[in-house]
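Visitor: I would like to learn how to read a structure such as this one. Please show it to me, and I will ask as we go.

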Amino acid sequence: MVEPFPWSIATPVVATASVRVKNRESATRGRFVNRRPPSRITMPSRIPSARGASAALLAAMIVAPTPSFAQRGGRGGPDTRPEVTFPVNLPADDARIAGLKKDAMRMVDSMSTFTQQMVDMVFSFGELGMQEEETSKYLTGILEKNGFKVQRGIAGVPTAWLATWGSGKPVISLGSDVDDIPQANQKPGVGYHDPLVQGAPGHGEGHNSGVPLNITAAIAVKKIMERDHIPGTLQLWPGIAEEQMAAKAYFVRAGIFKGVDVVLFCHVGSDFGVSYGTSAQNALISAQFNFQGSSAHAAGAPWAGRSALDAVELMDVAWNFRREHLPLTQRSHYVITDGGDQPNVVPPTASVWYFFRETNSPLVQGLFALGDTIARAAAMMTSTKLASVQILGSGWSGYFSKPIAMDMFENIKQVGMPVWDDKDQTLARGIQRELGQKNPRGLSTRVPEQLPTPPRQEDLRGGGSDDIGDVSWNVPTVTLRYPANIPGLPGHNWANAIAMATPIAHKGVTAGAKAQAMTVIDLMLKPTVVAQAWDYFNNVQTKDIKYFPLMRPEDKPAIWLNKAIMDKYRPEMRKYYYDPSKYKTYLDQLGIKYPTVRDTTKAVP
Ligand SMILES: [Zn+2]
């Protein structure tokens, strides 16, 4: 029995005159509807029952992704984005706040060894999403030792936690991701592919650095608040399984951010910055389609079997044909997670895992619904069943707070870029050369002069996603990008791991922790910033669009993800866990000369 997806939209998501969107909003407001699967492949379109959202608005977004394009005259036309005109009037720092920020910078500097140890330790754990056991145990231990109250296993996610300290308003919440990338294992400080454990996961995104940054910043601010009797609450949490977009929507559902005034998220980058308004992040639905057939001897009686793998392959073929007729903004990709056991047995089960991405949540729902329709059609063609559709993750496209971004940007400028030395630049240029870049540019040395304006809706062409999007539609949020990695790398790759337990990461995290701590001080002592952030949130960001979850009410966190991979590699990886009681740095422990680069002009294809 196939469970119908509650907000299936079987008609194309492309804007055409023939798209029919029936308004069933009035009957379904405030809840998802479970209906029996339709007997025909072409189902009547349904729009999501978004809490508080206008059905007409959502319908308009589904059929016309760029409704105001024509009025603007396209590229180069007048720029009428409302967020640009939102007046932001933030008070300047008085002498006291300026002094406290200097204290925070000094404290963060004095904690640089502590910061380095956390960055190196989490790097050495190298854990994939939902399996961040050592990482969570270690980081919560540090927070408890420093006076934070820790609640573990929040939102039904065993490796998730919430640490709090202080009391009263404002409540400032600091988050960052902690999971890593499959097959990205890599020796730090070595400018070519050289894994410690072949085939194992590794921090090929740099998620080992963000929570250490937040912990250093939070401890510095806590000391200042205690010393000066400043009221307020600090909250810290990890982005679990961010690579699968699998946890933050559940944090929102569990009410973690109820009562929070501002969320300061941070993410590793190669630059130092922050942004506001619409982001270039895509909304995402991660779904696994599980097919059920029946086995038979593949040579003796193939006619007696029904191959579930046939359904997977036909679904993929159909999707790849349909791609041509989808909007340019969509991104979609898949892996076959179960393709059968052995060739002489007709596969009775098979599964394919898709990531569907679009520029906003209604559009990504439409894209998913199309995938769902194609999966049903593939089952029909092969006389198999679509046994279940699992939602393994989801996320909105992030939208960030202009007042907070403006405030944070002033702090970033005050901190400035880390001072890189020749060794840091040699490693950066080494890996850039290794990847075939003719004129390796090394590390970024300058903070951008201006806060970037948001991309225009019509210029959005997709890219990655981050489930901080869900948080950002519930609480005023920004993402601090801190310069702890090397520019020009492919991403989700061993190359993105090489800097992440070296002085490049250590300096970048210390710089980021300063900007984060200074912004928390502003939020604690300048109520105008918080008030303006909520004004922007209520009257600009969510004026016409209200948050609704992209997962179904019955969906639960996919806590089994990556368990088999970690079970396979963890025993070998354990031998390389960092021991700060014996070694000053992880590079010292591994006996790596920093930097180790090849003198090569070899281009990697
Ligand atoms: Zn990331």
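Visitor: How are helix 6 and helix 15 oriented to each other?

Guide: Keep in mind that this model is predicted. Angles of 65 to 115 degrees count as roughly perpendicular and those over 145 as roughly antiparallel. Helix 6 (residues 112-125) packs against helix 15 (residues 503-525) at about 120 degrees, and their axes are 9 Å apart. The two helices are therefore oblique to each other.

Visitor: Which residues of helix 6 and helix 15 make the contact?

Guide: Helix 6 contributes Ser-112, Thr-115, Gln-116 and Val-119, while helix 15 contributes Ala-505, His-506, Val-509, Thr-510 and Ala-513. By type, four of the contact residues are nonpolar, five are polar and none is charged. As for handedness, the crossing of helix 6 with helix 15 is right-handed.

Visitor: Now a single residue. Is Asp-179 buried or exposed?

Guide: A residue is buried if 20 or more other C-beta atoms lie within 10 Å of its own. Asp-179 has 29 such neighbours inside 10 Å, so Asp-179 counts as buried. Its place is the loop between strand 3 (171-177) and helix 8 (210-228).

Visitor: What does Asp-179 touch, leaving out residues up to four places away in sequence?

Guide: Its contacts include Glu-127, Leu-128, His-207, Ile-240 and Glu-243. Glu-243 is 64 residues from Asp-179 along the chain, yet their C-alpha atoms are separated by 7.2 Å.

Visitor: How many helices and strands does the protein have?

Guide: There are 18 helices and 12 strands. Of the 605 residues in the protein, 52% are buried. Among contacts between residues at least 6 apart in sequence, 84% join residues at least 24 apart.

Technical notes. Residues numbered from 1 in each chain as written. Predicted model: local features only at pLDDT ≥ 70, side-chain atom pairs only at ≥ 80, totals over all residues. Axes fitted to C-alpha atoms, helices over the stretch in contact; angles between N-to-C directions. Helix = DSSP H or I, 4+ residues; strand = E, 2+ residues; numbered from the N terminus. Parallel < 35°, antiparallel > 145°, perpendicular 65-115°, else oblique. Left-handed = near helix turned anticlockwise from the far one by under 90°. Contact = placed C-beta atoms within 7 Å. Nonpolar A, V, L, I, M, F, W, Y, C, P; charged D, E, K, R; others polar. Buried ≥ 20, exposed ≤ 12 C-beta atoms within 10 Å, placed from the backbone.
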